[in-house]
Each structure stands twice: as C-alpha cells, then as structure tokens.
Amino acid sequence: MSRIPLLATLFTAVLAVTGTAVATADVPAPRTRVQVGGGTGLALLWGAPLTEHAILHVCTLTAIGYDAADNLIGLTNAHCEYDGDRQWPNDLVLLESEAFAPGAKIADLHLLGRIAYISGGNPVVPGPNGPGLDYAVILFDKSQVEPVATVGDTTIRTLSAPPPTGTPVCKQGATTARTCGVTLTTAGPYLLTTVSEFPGDSGSPVVMGDTLIGNHWSWGAGTSITAILTDLNRRGGLGAGFHL
C-alpha cells in the first residue's frame with residue numbers, strides 16, 4: 001500500500017477495515033478533550049509507530065463507559081486489531097476525523113488511549129484467537145477523551161439484549177453514518193439483521209432507539225452487547241462491570 005505524505009496528497013485506500021492517512025510533525029501536545037461516543041470513527045496503527053508515514057486502519061467505536069474500577073473504557077471489534085495470525089494488543093488509538101483531516105499534524109492529534117484486550121474474532125474471520133465475540137477493549141485517557149451519549153444521529157442511553165425478530169434497528173458507522181434495517185434472528189451470542197456495513201463501519205453500535213443491543217462486525221451480523229458484558233465480567237479486571 002502506498003505511503004504518501006499528507007501535505008502533498010491524501011491518498012485513502014480501504015481494505016476490509018483499512019484506510020491510509022498520514023500525519024506530520026514531531027511531538028504530541030496537550031490538548032483539550034475531544035468528544036467520543038458510540039459511532040465515533042477510530043484510527044488504529046496496528047503496532048506501527050506514529051510517524052509522518054504511518055498507515056492508519058479505520059474502525060468504529062461501539063460504546064464508551066466506565067468499568068467497576070472507574071476506568072474510562074471503550075469497545076470496538078476484535079478484528080479491527082488483527083490481520084491473519086497477527087494482532088496488536090496495546091495498540092495506540094486515535095480519532096479518525098483528526099488523523100484524516102487535510103494537513104493533519106502529529107502535534108494536533110489526540111492520543112485517545114490503547115487497546116487493552118482482544119477477544120476471539122467472529123465466525124467468518126476468527127483471527128489468531130479463534131472464533132469468539134469479536135470485541136476489543138480500549139482503555140481511554142480521561143485527560144484526552146470526553147465521553148458523550150450522542151454521535152451523529154444516534155444516542156445511546158441504555159444496554160439491552162437483542163429484541164424480537166422484525167424490530168427496527170440502526171447502526172452508526174464511521175464510513176456510512178446511520179443505516180437501518182430490522183432484526184432477523186439470533187444465533188447464540190450473535191445478532192443477525194438487515195443492516196448494511198461498509199469498510200470502516202466495523203464496530204458500529206447496533207441500536208434500538210437509544211438502546212445499544214450489539215456491535216456490528218459484518219453486513220447484517222454482530223454480537224449481542226449482553227454477551228460481551230457477560231464475557232467482560234467473567235474475565236474480570238479491566239472492563240469488568242462495564243456501564244454507560
């Protein structure tokens with residue numbers, strides 16, 4: 001994939017959940033906090049250093065909240081942090097809208113936090129940890145991030161198990177914003193809908209009104225948020241006791 005300095009040309013190519021962007025400058029500077037919520041676009045480095053030629057991979061935040069220890073926690077897809085048999089725990093998380101802004105400089109970017117846990121992947125692309133719930137835990141920096149309930153046209157105020165078949169639901173993604181459909185069925189922890197998805201939307205919150213019911217990891221497929229919460233609590237530690 002080409003690596004072209006942003007000050008010359010911003011070249012964006014998306015593969016799976018991937019975009020290319022570049023930021024120029026030297027040292028990150030302290031900034032006021034940025035608003036982040038379910039539906040916010042994230043830029044991930046896949047373990048590479050943040051340089052003027054860094055390739056960034058785009059996904060969407062499922063939810064933001066706190067765990068039982070009052071850590072500021074985010075959720076996205078596990079497959080946003082693996083490729084084949086490689087994965088990147090502790091990966092740096094940036095704000096997609098800043099990283100892809102024309103003329104972006106490293107000193108202007110908020111360093112939102114880091115990937116703290118990567119689960120097994122989805123049944124279609126299971127990744128190095130095998131099939132699982134396809135979620136990743138982000139430990140956000142409270143000095144950089146202000147959690148918000150509303151992103152775009154989507155507000156998240158509560159969490160719930162998937163609703164009955166035929167219930168109208170929507171997702172809020174970094175690429176295609178809000179798209180809607182209906183629930184079809186559940187299969188174990190997985191939720192099947194008619195909601196569309198395009199590259200960069202992975203991790204999108206699936207909502208019924210202002211209630212989060214799952215994440216989105218493929219066109220029409222995702223994982224129930226209650227299954228993810230149960231797994232977080234079973235594992236214990238960072239992310240356990242997650243709440244909005």
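**Figure 1. Pairing of strands β4 and β5 in the predicted model.** Strand β5 (residues 72-76) is joined to β4 by four bridges, and the two strands run antiparallel. Within this pairing, A63 is placed opposite L75 of β5. The coordinates shown here and in the following views come from a predicted model.

**Figure 2. The open sheet of seven strands.** The strands follow the order β3-β2-β8-β9-β10-β5-β4, and their pairing is antiparallel. Strands β3 (57-60) and β4 (63-66) form the edges; each has a single partner strand, so one side of each lacks a neighbour in the sheet. On average, neighbouring strands of this sheet are turned by 35° against each other, direction ignored. Strands of a sheet pair through backbone hydrogen bonds, in either a parallel or an antiparallel manner.

**Figure 3. Helix α2 packed on the sheet.** Helix α2 (residues 225-235) touches β5, β9 (111-118) and β10 (136-140). The direction of α2 makes about 130° with that of β5. Buried residues of the helix are I225, A227, I228, L229, D231 and L232. The cover over these buried residues includes β5, β9 and β10, together with β14 (158-159), β19 (211-218) and β20 (221-224). Just after α2, G236 adopts a positive phi of about 75°.

**Figure 4. The salt bridge between R234 and D231 in helix α2.** The side chains of R234 and D231 meet at 2.7 Å, N to O. Because the two residues are three places apart in α2, about one helical turn separates them. R234 is exposed, with 61% relative accessibility, whereas D231 is buried at 14%. Side chains of opposite charge can pair when their charged atoms come close.

**Figure 5. The salt bridge between K171 and D201.** The closest N and O atoms of K171 and D201 are 4.0 Å apart. K171 belongs to strand β15 (residues 168-173), while D201 lies in the loop between β17 (190-193) and β18 (205-208); the pair therefore ties together parts that are 30 residues apart in sequence. K171 is buried, its relative accessible area being 0%. D201 likewise counts as buried, at 0% relative accessibility.

**Figure 6. The salt bridge between R86 and D83.** In this pair, the closest N and O atoms are separated by 2.8 Å. R86 is partly exposed, with a relative accessible area of 45%. D83 is also classed as partly exposed, at 34% relative accessibility. The count for the model comes to four salt bridges, among them the one between R86 and D83.

**Figure 7. The largest nonpolar core and the surroundings of L112.** The largest nonpolar core has 21 residues, and V36, L112 and F140 are those with the most contacts inside it. Elements that give two or more residues to this core are β1 (34-36), β2 (41-44), β8 (92-95), β9 and β10. The most is given by β9, with three residues. Leaving aside residues up to four places away in sequence, L112 touches V34, V36, L42, V93, L94, L95, L139, F140, D141, Q144 and V145.

How values were computed. Residues are numbered from 1 along each chain as its sequence is written. This is a predicted model: local features need pLDDT of at least 70, side-chain atom pairs count only at pLDDT 80 or more; totals for chains, interfaces and linings use all residues. Side-chain values use heavy atoms; hydrogens and water are left out. Two strands pair if DSSP finds at least two bridges between them. Axes are lines fitted to C-alpha atoms, for helices over the stretch in contact, and angles run from 0 to 180 degrees between N-to-C directions. Contact means heavy atoms within 4.5 Å. Buried means under 20% relative accessible area, exposed over 50%, partly exposed in between (1.4 Å probe, protein chains only). A nonpolar core is a set of buried Ala, Val, Leu, Ile, Met, Phe, Trp, Tyr and Cys residues joined through side-chain atoms within 4.5 Å.
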